Amino acid sequence: RVTANKVNVTGTISSMGGSTSQRGGFDAGDIYINSNEFFTSSTSTLTANGGNGRTDFCEAPPNIFHDGEQGDGGLINISSLNVIRAKGTISAVHGAGKCNDGINGTIDIFYSGLLDVTDAIFIPSATFHFILVNTPPTFDFNLTDQNATVNKEFIFDVDCSDADNDTITYV
């Protein structure tokens, strides 16, 4: 789990399941990245792939493990409020093996700002979630107290700014 203002991956982040020549592959762990800015280079990889089991035979010994079983892929969760520029490979697939198809993992991308993934390879495909961020308006000056009497009309000229450029109507 990584939480930082800016994350720039130039190498590999891996949470792969272990492989074994004697038993089935192990399931992958999960990767969580939460930052304002997230970047990966064209040579970087994020992997949460399942481990490989034996490829020569499939035998069920008298325990819970099967020789040749494929490890399941993990979860990759990337969340950013400003920028996501992903290149390279982001992968969460099941491992290889002779028996018991493993389950592919999940890749979830949560974003509200710039999203550039045109040069990224997602295996399996990623699910993108747009996060709607709405900044409340701010008043540009303070209102003053006024005394009220019967039949007195109040008129205020209230100016406000909205960072999201929403049209604001007060009635």
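The largest nonpolar core of this predicted model has 21 residues; such a core is a set of buried Ala, Val, Leu, Ile, Met, Phe, Trp, Tyr and Cys residues joined through side-chain atoms within 4.5 Å. Buried means under 20% relative accessible area, exposed over 50%, and partly exposed in between, with a 1.4 Å probe and protein chains only. Among the residues with the most contacts inside this core are Phe-38, Ile-78 and Phe-122.

Strands β1 (2–9), β3 (31–40), β5 (75–91), β6 and β7 (114–123) each supply at least two core residues, and the largest share, five residues, comes from β5. Strands are DSSP runs of E, at least two residues long, numbered from the N terminus.

I turn now to the aromatic rings. The whole structure holds two aromatic pairs; rings of Phe, Tyr and Trp (its six-membered ring) pair if their centres lie within 6.5 Å, and planes under 30 degrees apart count as stacked, over 60 as edge-to-face and the rest as tilted. Tyr-111 and Phe-130 have ring centres 5.4 Å apart and planes at 70°, so they are edge-to-face. Tyr-111 is buried at 16% relative accessibility, whereas Phe-130 is exposed at 52%. In the other pair, Phe-122 and Phe-128 have centres 5.7 Å apart and planes at 90°, so this pair is edge-to-face. Phe-122 is buried at 17%, and Phe-128 is partly exposed at 34%.

Finally, a note on the basis of these values. Residues are numbered from 1 along each chain as its sequence is written, and side-chain values use heavy atoms, without hydrogens and water. Local features need pLDDT of at least 70 and side-chain atom pairs count only at pLDDT 80 or more, while totals for chains, interfaces and linings use all residues.

Technical notes
Helix = DSSP H or I, 4+ residues; strand = E, 2+ residues; numbered from the N terminus.
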